[in-house]
Amino acid sequence: MDVTEWAGVYREGRQLYTRNAVPGRPVHDEELRRADGLEYRAWDPFRSKLAAYLLHAAPPGLWNGCRSVLYLGGAHGTTASHLAEALPEATVYVVEKSPTSFAPLLRLSRDRPSLVPILADAQLPERYAADVGRVDFLYQDVAQRQQAAIFVENARACLARSGRGLLMLKVRSVTQRQPAPVILRSARSTLTSARLAVLHESGLAPFSQEHVAISIRG
Amino acid sequence: MTGPSEPLPPRREIVTTWFGAFLVEEGRLVQAERAPLDPAALAERIDLRRAGRLVPEEERILERLGGLAAATSDRRLVPHGVTLDPRARGELPGAEAEPPVELHRAALRSAAVRALDAAWDPSIHIEEAIRAQEDLDRVQNLVAERLTSWAGRDPPDAPEGTPTPRSPVDPALLEGRAALERLAGEIRSTHDRLAAAIEETLPRRAPNLSALLGPDLAARLLARAGGIARLSRLPAGTIQVLGAERAFFEHLRGRAPPPRHGLLFLHPRIQSAPRSERGKLARALAGKAAIAARLDASGAPLHPDLRTAFDARATQVRSQRLARRPPSNRR
Ligand SMILES: C[S@@+](CC[C@H](N)C(=O)[O-])C[C@H]1O[C@@H](n2cnc3c(N)ncnc32)[C@H](O)[C@@H]1O
């Protein structure tokens, strides 16, 4: 198992791993691998846009040293669980608004005390900001129309000065009438007019065709 | 650390954290209202914040502040006269020690468990039905407008003996329009069907609210509050302005006076009352609605007196007005 330039992430060839926080139990049916007496969970880039982004030359040290993370759109916790494992010292607050998705997320967090699920709408950050405080890293994957505005509001309410952020921008979907470049341009301008500095943009092909990852600094 | 280019923090800021509310002036802590450090009390405060409401500690800060200007980074405080300010960071001056994070996590967990429980509240489906109706309203307006515009392009029948006959409209397009007309009919009937479903469900799910307000208004109120469990925890004053969120926003932007009536304003007794009485009636109705919601949330059957009590109050307000009326007005 080789270390990578992202804290807590390991790799073997092209396959990424994190240290399994609950040895013997996968989160879904992902591969578990023992190496050097430790257990690792495979991090599937087809299932997790964050893993795809890492394989797409994400900036080194993207979240190194972070002590708290706000994760918006947690769904069942696939990605959030890996992020929590990569940052064992950090608290990872995971906001998810659909009760149906929240149930498995809550179950998952039972054995992972640093993963804190919050049932709330990311459009209303004032409802959880007092609990979250100022985080070092803001991650968003909500796949909804107001995505850039939601990101900005959450950065305003919860991101520390000079904190980092990563927006998984959905640029293509059957219901969106605008072409991808228009969506991307408008998101960029929403971010910069909120004085967030765009550091890096990257497509996620072949893992996802529909998203562009935008990395920012607050 | 504040670099030279960092904007100065606002003079007075209200800071809310998971363990209390604080007033910071010129970077110094001047009032600290700490929440009790037990999981139940902390979880209760989390519930309040999740519902967009103030916690008792914030209320105490606001009370002492007595309307002085202050900044915040938390939008929940804005309706209470505090200014949203990007320079406000919601951070305490360094010295304030944070209580053990395990306490916070335990409280968050129990709040999450409870929130999920409440999310299965079947009355939530009433909210979705109401929202679906609103969606249909929008679509229906769009389609109706389009059909009107389209029909306006039909050439009138040509008078006898017109020299150059107009080239006919393509039948495929007219068939497309007929399909759109059928869709409009379908939208209307789906809307009616949702209305019937709501009307049928409400007296069972919320007998007291339904009897007091009528099924449609009761459903709208439930939808605004996010279910019967949530509604039952709201104070009457909040219930009175539920549904006036847009008016509230206009008010915040300085474009309108604060709203005095929300959805309850649609109640026939209030609609038919003269302006001067509506405030009193809305207050009375909100009080009864709060009781009705609590009864319904606990699964209590229909309480016969609620409606009568409100009607009695309405009559009383009316007779007070008649008694007060100066003789000159009495023709
Ligand atoms: C594409 S999934 C996220 C997948 C997840 N990030 C992962 O990689 O494991 C999007 C999720 O965002 C949630 N979501 C959408 N809008 C939201 C909002 N306004 N607030 C919170 N969650 C939202 C959806 O319920 C859904 O579970």
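Modeller: Between chain A and chain B there are 4 salt bridges. This comes from a predicted model. One salt bridge joins the side chains of B:Arg49 and A:Asp131, with N and O 2.9 Å apart. The contact draws on 29 residues from chain A and 28 residues from chain B. About 2,500 Å² of area is buried between chain A and chain B, and carbon and sulfur atoms give 50% of that area.

Over all chains, the structure holds 33 salt bridges. One of them pairs A:Arg25 with A:Asp111, whose closest N and O atoms are 2.6 Å apart. A:Arg25 sits in the loop between S3 and S4 of chain A, and A:Asp111 sits in the loop between helix H3 (99–109) and strand S8 (115–119) of chain A, so this pair ties together parts that are 86 residues apart in sequence. A:Arg25 is partly exposed, at a relative accessible area of 48%. A:Asp111 is also partly exposed, at 37%.

In chain B, the side chains of B:Glu33 and B:Arg60 form a salt bridge at 2.7 Å, N to O. B:Glu33 belongs to strand S3 (residues 28–34) of chain B and B:Arg60 to helix H2 (residues 56–65) of chain B, so the pair ties together parts that are 27 residues apart in sequence. B:Glu33 has a relative accessible area of 15% and counts as buried, because buried means under 20%. B:Arg60, with a relative accessible area of 35%, is partly exposed.

Another salt bridge of chain B stays within one helix. The side chains of B:Asp216 and B:Arg220 meet at 3.1 Å, N to O. Both residues lie in helix H7 (residues 215–225) of chain B, 4 residues apart, which is about one turn of the helix. B:Asp216 is partly exposed at 40% relative accessibility, and B:Arg220 is partly exposed at 23%.

In chain A, a network of salt bridges connects A:Glu30, A:Arg41, A:Glu85 and A:Arg112.

How values were computed: Residues numbered from 1 in each chain as written. Chains lettered and ligands numbered in written order. Predicted model: local features only at pLDDT ≥ 70, side-chain atom pairs only at ≥ 80, totals over all residues. Heavy atoms only, no water. Contact = heavy atoms within 4.5 Å. Buried area = accessible area lost by both parts, 1.4 Å probe. Helix = DSSP H or I, 4+ residues; strand = E, 2+ residues; numbered from the N terminus. Buried < 20%, exposed > 50% of the residue type's maximum accessible area, 1.4 Å probe, protein only.
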